[in-house]
Amino acid sequence: MRFVTLALVALLALVHAELWFGKGGAPRVMELQGKLADQRTANDTARARNAQIDAEVRDLKEGLEMVEEKARSELGMVKPDEILIQVSTPKK
């Protein structure tokens with residue numbers, strides 16, 4: 001009976017040794033957690049860059065309308081075949 005108990009304890013020790021120091025053990029988990037943290041940082045950086053590029057694209061798409069509006073209101077520019085009527089009020 002004592003031999004069976006010792007054999008089971010030895011097998012348990014082997015299983016625990018494999019769990020802690022083996023291929024999928026604690027050191028590997030810690031290594032993967034470090035890589036995961038690095039990848040998350042890289043992803044956050046990429047997301048921020050993508051958001052910045054997206055904002056630039058939107059500005060470029062919508063910016064032409066804004067530039068045209070400013071040119072019309074501030075500089076009095078008109079499109080071809082357009083007539084500009086400007087009304088001014090007398091200053092007191």
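**A walk along helix α2**

D59 is found in helix α2, which covers residues 26-75; helices (DSSP runs of H or I with at least four residues) and strands (E, at least two) are numbered from the N terminus. The model is predicted, so local features need pLDDT of at least 70 and side-chain atom pairs count only at pLDDT 80 or more, while totals for chains, interfaces and linings use all residues. Residues are numbered from 1 along each chain as its sequence is written, and side-chain values use heavy atoms, with hydrogens and water left out.

We can begin with the protein as a whole. It has 2 helices and 0 strands, and its C-alpha trace spans about 115 × 35 × 15 Å along the principal axes. The radius of gyration of the protein is 36 Å, whereas a compact globule of 92 residues would have one near 12 Å; this radius is taken over C-alpha atoms, and the globule rule is 2.2 Å times the number of residues to the power 0.38. Of the 92 residues, 4% count as buried, where buried means under 20% relative accessible area, exposed over 50% and partly exposed in between (1.4 Å probe, protein chains only). The protein exposes about 9,000 Å², and carbon and sulfur atoms supply 63% of that area, as worked out by the Shrake-Rupley method with a 1.4 Å probe, in which, for residues, only the protein chains shown count as cover.

Next come the contacts between charged side chains. The structure holds 4 salt bridges, each a side-chain nitrogen of Lys or Arg within 4 Å of a carboxyl oxygen of Asp or Glu. In one of them K35 pairs with E31, with the closest N and O atoms 3.4 Å apart; because these residues stand 4 apart in helix α2, about one helical turn separates K35 and E31. K35 is partly exposed at 48% relative accessible area, and E31 is partly exposed at 38%. R28, E31 and K35 are linked in a network of salt bridges.

Further along the helix, the side chains of R47 and D44 meet in a salt bridge, with 3.1 Å from N to O, and since R47 and D44 are 3 residues apart in helix α2, about one helical turn lies between them. R47 is exposed, at 54%, whereas D44 is partly exposed, at 46% relative accessibility. R58 forms a salt bridge with D54, the closest N and O atoms being 3.1 Å apart, and these residues, 4 apart in helix α2, are likewise separated by about one helical turn.

We now return to D59. Together with E56, E62 and E65, D59 forms a patch of negative charge on the surface; such patches are made of residues with over 30% relative accessible area and no salt bridge, like charges being joined within 9 Å and nonpolar side chains (Val, Leu, Ile, Met, Phe, Trp, Tyr) within 5 Å. Lys and Arg count as positive and Asp and Glu as negative, with His and the chain ends not counted, and a charge is placed at NZ of Lys, CZ of Arg, CG of Asp or CD of Glu. D59 is exposed, with a relative accessible area of 53%. Across the protein, the mean positions of the 14 positive and 14 negative charges are 8 Å apart.

The walk ends in the segment after α2, where D81 is found. D81 has a positive phi of about 65° although it is not a glycine, and D81 is exposed, at 84%. I85 also has its place in the segment after α2 and counts as exposed at 71% relative accessibility. From C-alpha to C-alpha, I85 and R72 are 12 Å apart in space, and they are 13 residues apart in sequence.
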